[in-house]
Amino acid sequence: SIYLPSLSATVVLLLLHCLASTLGQYELCKSLVSTDEGSVWEHYACQPKSMSMKDYMRIKVDPPGITCGNPPERFCTLENPYLCSDECDASNPDLAHPPQLMQDRERNGLITYWQTVTWRRHPEPLLANITMAWNKSLELTDDIHITFEYGRPTIMVLDKSMDHGRSWQPYQFYADDCMDAFNMPPKRVRDLSPANITRVICTEQYSRWVGSKNDKNVKFEVRARFAVFAGPRLQNMDNLYTRMESMKGLRDFFTFTNLRLRLLRPALGGTYVQRDNLLKYFYAISNIEVTARCKCNLHASQCLVQDGNLQCQCEHNTTGQDCQRCKKGFKAKSWKAGSYLPAPNGTPNTCTKNSKSVSSFLDCECYGHSNRCSYIDYLNIVTCVSCKHNTRGQNCQHCRLGYFRNASAELDDESVCIECNCNQMGSVHDRCNSTGFCQCKEGATGAKCDDCVPGYYWKQGCYPNVCDEEMLLCQNGGTCYQNQKCICPPEFKGVLCQHSRCEAGKDCNTASSPHLSKATLLLLNTLHTHIHLTGLL
């Protein structure tokens with residue numbers, strides 16, 4: 001307990017409440033309040049401030065070689081298609097356009113941009129992916145802005161990932177003709193209602209040609225979606241936060257760890273592709289602006305860089321990069337995210353201190369997969385009981401048989417263990433190694449043992465080819481059916497149609513069977529023996 005003279009305590013309390021009133025909603029995790037028993041801390045649901053995520057963004061472009069300048073090349077613009085005096089040269093800093101120019105701070109009015117190679121390989125598609133990673137769960141708080149130079153793409157897709165790039169889902173489609181590009185009717189965010197606000201749409205608003213200098217921006221509209229609940233000027237944020245709690249999937253819709261731009265067709269200048277001058281078709285991006293806040297599950301008001309990554313500064317006795325578990329010694333009940341309700345301060349769902357019976361197990365760490373521990377006397381160890389989320393082990397630190405460790409998830413993540421999904425017909429058992437590869441039966445291959453190596457065919461498992469187009473050729477005009485059998489002409493029989501059906505003394509009116517080489521006869525004999533043993537005949 002802290003002793004403060006009554007006057008000092010009053011001053012401190014006044015200052016803290018003044019601070020709370022100047023802060024935005026949910027920006028304060030706790031404050032001192034006066035009670036009959038003295039000053040105590042009162043806890044609230046809290047979240048970090050919204051900020052530009054540009055400085056923390058890690059950008060990767062692919063495929064390799066998509067960035068212009070290696071080798072150097074000339075390019076034109078759509079406004080001046082035959083004045084091809086501009087050059088991209090990766091070896092010259094003044095003429096290079098590397099990916100980091102999408103996130104630099106432009107000064108002195110000089111626009112810098114990343115640029116791709118030109119579409120000189122048309123009709124092969126000019127495709128480029130831009131992946132943005134933060135190694136941290138984030139929540140969008142404002143529109144995403146992408147600024148294109150020399151024209152916006154005719155077709156592109158914005159994807160998002162919530163598991164650090166292990167899986168992706170489309171966020172929004174962009175095209176000058178949505179039905180032609182994606183077989184989707186065009187929509188705008190203003191067409192959406194509260195019931196379908198999380199729908200993935202295709203918009204034509206940012207893809208039609210209006211001149212490369214007239215409108216450079218492509219947006220993913222967040223504020224317009226917020227406005228459906230909070231009003232046009234976002235004055236009723238309480239209603240938005242209430243919906244975040246009550247509407248399934250709404251909060252997750254704005255949550256991500258990675259974003260990806262898939263550029264599928266460059267600006268064409270409002271016409272068809274002019275094959276006589278392909279140097280004017282390319283992509284160029286000068287800026288990507290993502291405004292968001294760290295996702296801290298309403299258990300932190302600050303998010304700082306630690307060891308190169310954004311990290312929530314957790315309160316409420318929570319810990320982890322996203323404050324996603326209770327601290328050791330504070331696991332009397334299961335961890336729970338904070339809640340925006342009731343307004344205006346929400347519910348912190350603070351992790352509470354263990355009772356004496358549990359706190360005696362000081363070494364009990366189950367990474368959030370169990371809240372029960374047991375002491376095994378004869379081994380003198382404390383072990384977790386009833387591990388969930390397909391985990392096992394003394395600390396729920398291993399995966400159950402038939403599951404493997406998700407390398408992109410932390411040990412306390414509910415999705416830390418992924419099912420092996422080994423093909424029952426092609427694998428020896430249902431277990432896999434630490435990278436998800438199953439142990440395959442003879443002839444089977446692939447991560448899940450659901451394919452066959454050359455020389456084998458699949459039929460509820462892998463079996464050696466009976467025939468093929470290389471070594472085991474069907475003879476005498478026979479045809480190989482799915483590597484499983486030779487379909488022979490009426491006058492021939494045998495595994496490879498190598499025997500004539502003619503009986504001695506009869507005129508079959510056919511040419512004699514072609515002479516077979518010793519190698520072929522040896523193959524036939526081996527194959528016949530194998531088929532006889534496996535009971536295929």
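The legends below describe close-up views of a predicted model.

**View 1. Helices H3 and H4 pack against each other at an angle of about 100°.**
Helix H3 covers residues 223-230, and helix H4 covers residues 237-246. Two packed helices are described by the angle between their axes and the distance between the axes. Here the axes lie 7 Å apart. Angles of 65 to 115 degrees count as roughly perpendicular, and H3 and H4 are therefore roughly perpendicular to each other. On the H3 side, the residues that take part in the contact are Phe226, Phe229 and Ala230. On the H4 side, they are Met237, Asn239, Leu240, Arg243 and Met244. Sorted by class, the contact of H3 with H4 has six nonpolar residues, one polar residue and one charged residue.

**View 2. Strands S7, S15, S9 and S13 form an open sheet of four strands.**
The order across the sheet is S7-S15-S9-S13, and the pairing is antiparallel. Strands of a sheet pair through backbone hydrogen bonds, either parallel or antiparallel. The edges are formed by strand S7 (114-115) and strand S13 (217-220), each of which pairs on one side only. How many residues of S15 are buried? Six of its six residues are, so S15 is largely enclosed by the rest of the structure.

**View 3. Strand S15 is joined by bridges to S7 and to S9.**
S15 comprises residues 284-289 and runs antiparallel to S7, to which it is joined by two bridges. In one of these, Trp114 has Ile285 of S15 as its partner. Gln115 is partnered with Ala284 of S15. Strand S9 (residues 144-148) also pairs with S15 in the antiparallel sense, over four bridges. Asn287 of S15 is the bridge partner of Thr147.

**View 4. Cys76 and Cys84 form a disulfide.**
A search of the whole structure finds 18 disulfides. In the link between Cys76 and Cys84, the sulfur atoms are 1.8 Å apart. The torsion about the S-S bond is about 85°, so this disulfide is right-handed. Are Cys76 and Cys84 buried or exposed? A residue counts as buried under 20% relative accessible area. Cys76, at 0% relative accessibility, is therefore buried. Cys84, at 17%, counts as buried by the cut-off of 20%.

**View 5. Cys326 and Cys351 form a disulfide that links distant parts of the chain.**
The sulfur atoms of Cys326 and Cys351 are 2.0 Å apart. With -75° about the S-S bond, the link is left-handed. Cys326 belongs to strand S20 (residues 325-326), whereas Cys351 is found in the loop between S20 and helix H6 (356-359). The two cysteines are 25 residues apart. Cys326 has a relative accessibility of 4% and counts as buried. Cys351 is also buried, with a relative accessible area of 3%.

**View 6. A disulfide between Cys366 and Cys384 joins a loop to a strand.**
The sulfur atoms of Cys366 and Cys384 are 2.0 Å apart. The link is left-handed, with -105° about the S-S bond. Cys366 lies in the loop between H6 and strand S21 (373-376), and Cys384 lies in strand S22 (residues 381-384), so the pair ties together parts that are 18 residues apart in sequence. Cys366 is buried, with a relative accessible area of 4%. Cys384 counts as buried at 8% relative accessibility.

**View 7. Lys136 lies in strand S8 and is buried.**
Strand S8 covers residues 128-140. The relative accessible area of Lys136 is 0%, and this residue is therefore buried. Which residues are in contact with Lys136, leaving aside its neighbours within four places in sequence? They are His164, Phe256, Thr257, Cys294, Lys295, Cys303, Leu310, Cys312, Gln321 and Asp322.

**View 8. Gly65 lies in a loop and is exposed.**
The loop that holds Gly65 runs between strand S4 (58-62) and strand S5 (73-75). A residue counts as exposed over 50% relative accessible area. Gly65 has a relative accessible area of 59% and is therefore exposed. Gly65 and Val117 are 52 residues apart in sequence, and their C-alpha atoms are 8.1 Å apart in space.

Key: Residues numbered from 1 in each chain as written. Predicted model: local features only at pLDDT ≥ 70, side-chain atom pairs only at ≥ 80, totals over all residues. Heavy atoms only, no water. Axes fitted to C-alpha atoms, helices over the stretch in contact; angles between N-to-C directions. Parallel < 35°, antiparallel > 145°, perpendicular 65-115°, else oblique. Contact = heavy atoms within 4.5 Å. Nonpolar A, V, L, I, M, F, W, Y, C, P; charged D, E, K, R; others polar. Pairing = 2+ DSSP bridges. Disulfide = S-S within 2.5 Å. Buried < 20%, exposed > 50% of the residue type's maximum accessible area, 1.4 Å probe, protein only.
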